[in-house]
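Trainee: Could we go through this model together, one element at a time?

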Amino acid sequence: MMYLAAEHFVRSPQWLWYILFYFLFAGLAGGSYAIATLLRLSGDPRDEPAARIGFYVSLVTTVLCPILLTADLGVSWARFWHMLVDVTPGDTGLNFKYWSPMSIGAWALLVFGFFAFVSAAEAWLSDRRGSPLVPLLLNRMFNVIGAALAIFLASYTGVLLSVSNQPVWSDTWSLGGLFLASGLSGAAALIAFLMRYRPEAAFSLSRLHQAGGYFAALELALIIVFFVTVGAAGTLPRLLPWLALWALAVAGIAASLVMARGHMRMQASGGSAVLTRVRLDTLVVSLLVLLGVLALRAAVIFSAQ
Amino acid sequence: MATIKAGEEYGFFTDTSVCIGCKACEVACKEWNQLEGNNPTFLADSFDNTGSLDAQNWRHVKFIEQVPDKSATTGNGSAWLMMSDVCKHCKHASCMEVCPTGAIIRTEFNTVFIQQDVCNGCRNCIAACPYGVIGMNQQTGTAHKCTLCYDRLQGGLEPACAKACPTQSIQFGPLADLQQAADVRLATLHSQGMNQAQLYGRDDKVYGGLNAFFLLMDKPETYGLPNADNAKLPSRNDLGGYVGAAITAALAVVGGLVAFRRRVTG
């Protein structure tokens with residue numbers, strides 16, 4: 001792959017608010033499903049309430065995704081299904097272009113939607129019964145496949161931007177990873193926030209903060225890679241008007257790192273890492289992280305347009 | 001011109017050295033294709049009054065006004081460059097590569113065409129086109145650009161812009177004939193000492209060759225065209241993007257497992 005001091009003579013696609021929020025919810029949907037699966041794989045039954053929050057969040061945010069995408073089509077909204085089916089006269093059939101992230105993404109959203117629905121339904125029925133509905137092994141296998149799709153959903157949106165000829169977006173390879181790390185970080189924050197409505201899930205809170213810290217560290221590293229690659233291409237000046245959004249994104253990362261460090265220290269000093277309730281600091285940090293996740297995507301999207 | 005036949009390659013050769021900026025091509029294009037045009041905007045610092053190619057301007061006469069401080073001497077009038085810009089109908093078309101709906105097709109005349117009944121307005125083609133050719137029509141909710149007068153070609157007629165061009169700056173015909181004519185014209189200009197003249201898109205260095213190619217009187221960048229080094233397809237970032245995401249995913253999963261597997265007391 002070759003990066004040049006790029007010249008761009010392109011027109012902006014005007015992907016604005018609907019797409020911004022689609023990218024946010026796709027990141028949160030994929031991130032929360034992946035985290036829920038990881039919690040379930042940890043093997044401790046006491047993590048199950050937190051995992052179920054993750055599956056619920058994943059379904060709700062996944063449902064929002066096609067609505068936003070369809071709304072973005074404007075007056076052609078009724079043709080949303082053309083993403084999946086080629087209606088060219090004489091050449092009808094399914095559309096699938098493995099080299100076009102938008103084409104794969106449309107399919108990934110559809111298939112992941114099935115996994116998100118089944119997992120959330122299973123969680124809901126298990127909650128009602130008071131015991132797991134499906135054998136653990138089968139559940140885990142299903143979740144692992146779903147998590148692979150979830151990771152794709154959270155990351156492909158960044159690749160989609162890169163696979164263009166737009167300034168900034170096409171000048172870096174880091175956006176897929178960056179959106180994934182940010183989506184995971186945001187999902188960890190959202191699940192932590194929602195634990196206040198399910199007190200027994202607080203068992204996983206401390207370790208969720210630690211995981212959130214790891215995701216935030218990855219995000220920070222990828223932001224640095226992003227700036228370096230865009231700088232090498234010569235399109236760094238386009239980022240300058242959006243520095244306030246970048247600052248907000250970094251503030252969210254910093255909050256997540258500070259929170260994670262606090263919980264790690266608590267464990268290292270021999271204290272119990274099990275929290276019995278969600279405290280105010282969790283709520284504040286969660287909101288900051290989520291704001292940062294949104295700001296990051298806004299900064300990337302707006303810098304090219 | 002000889003009969004237009006399906007199965008043959010057709011295109012435009014736009015010779016900017018004889019463009020006089022009359023905009024007859026813009027008018028003819030709008031008239032034939034029933035394009036309403038955008039609301040007028042006041043561009044006091046230029047003779048350009050359409051601004052750019054978009055959903056309403058499928059031909060756009062660019063004025064590159066590099067007026068020097070001192071008056072030009074005889075034979076040194078290159079301060080005024082004019083170019084009738086249009087969709088390039090690239091052999092390796094970025095728009096066609098990314099289109100998720102299959103709306104963008106190559107016709108029997110080897111031109112690039114957006115099927116209006118298939119396009120759903122996702123605008124991925126707009127993000128991909130390196131020439132800023134495609135625009136969104138808000139009334140139809142679909143992407144629009146030059147069709148190389150597909151309907152006229154089917155009826156055996158040459159495109160409206162080429163028909164209207166009074167200086168033959170825009171020439172239409174079978175691609176091989178146009179390439180031959182361009183080579184002759186370039187040789188003539190070089191023999192007259194205009195060594196800055198060059199062909200753009202005549203060979204396969206830019207997107208595999210352009211069906212609408214140009215004779216330029218300066219570097220491509222001066223005309224707002226990416227040079228051969230920068231003319232890259234969007235798919236160049238597929239591999240890097242996915243590998244970056246996969247490495248991130250692997251690290252994130254390890255991080256998550258490490259965090260969640262840590263045993264706690266209580």
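Mentor: Buried is used for a residue with 20 or more other C-beta atoms within 10 Å of its own, exposed for 12 or fewer, and partly exposed in between, with C-beta atoms placed from the backbone. This is a predicted model, where local features need pLDDT of at least 70 and side-chain atom pairs count only at pLDDT 80 or more, while totals for chains, interfaces and linings use all residues. Residues are numbered from 1 along each chain as its sequence is written, and chains are lettered from A and ligands numbered from 1 in the order in which they are written.

Trainee: How many residues of strand β10 of chain B are buried?

Mentor: Strands are DSSP runs of E with at least two residues, helices are runs of H or I with at least four, and both are numbered from the N terminus. β10(B) covers residues 212-216. The strand is largely enclosed by the rest of the structure, because the buried residues number five of the five.

Trainee: Which strand runs parallel to β10(B)?

Mentor: Two strands pair if DSSP finds at least two bridges between them. Here four bridges join the parallel partner to β10(B), and B:Asp15 stands opposite B:Leu215. The partner is β1(B), residues 10-15.

Trainee: Which residue stands opposite B:Phe214 in β10(B)?

Mentor: Strand β9(B), residues 198-200, pairs with β10(B) in the antiparallel sense over three bridges. The residue opposite B:Phe214 is B:Tyr200.

Trainee: Which element gives the largest share of the side of chain B that touches chain A?

Mentor: Contact means that the C-beta atoms of two residues, placed from the backbone, lie within 7 Å. The contact takes 58 residues from chain B and 61 residues from chain A. On chain B, the elements that give two or more residues are α2 (94-98), α3 (124-128), β6 (135-137) and α7 (238-261). The largest share, 18 residues, comes from α7(B).

Trainee: How is α5(A) oriented to α7(B), roughly parallel or roughly antiparallel?

Mentor: The axes of α5(A), residues 175-194, and α7(B) come within 6 Å and cross at roughly 30°. Axes are lines fitted to C-alpha atoms, for helices over the stretch in contact, with angles from 0 to 180 degrees between N-to-C directions. Angles under 35 degrees count as roughly parallel, over 145 as roughly antiparallel, 65 to 115 as roughly perpendicular and the rest as oblique. That crossing angle therefore makes α5(A) and α7(B) roughly parallel.

Trainee: How many charged residues does the contact of α5(A) with α7(B) have?

Mentor: Residues making the contact include A:Leu180 and A:Leu184 of α5(A) and B:Ile247 and B:Ala252 of α7(B). Ala, Val, Leu, Ile, Met, Phe, Trp, Tyr, Cys and Pro count as nonpolar, Asp, Glu, Lys and Arg as charged, and the others, Gly among them, as polar. The contact has nine nonpolar and five polar residues, and the charged count is no residues.

Trainee: How is α4(A) oriented to α7(B), roughly parallel or roughly antiparallel?

Mentor: The axes of α4(A), residues 136-162, and α7(B) come within 9 Å and cross at roughly 150°. The angle therefore makes the pair roughly antiparallel.

Trainee: Which residues of α7(B) make the contact with α4(A)?

Mentor: From α4(A) the contact takes A:Ile151, A:Ser155, A:Gly158, A:Val159 and A:Ser162. From α7(B) it takes B:Gly241, B:Tyr242, B:Ala245 and B:Ala249.
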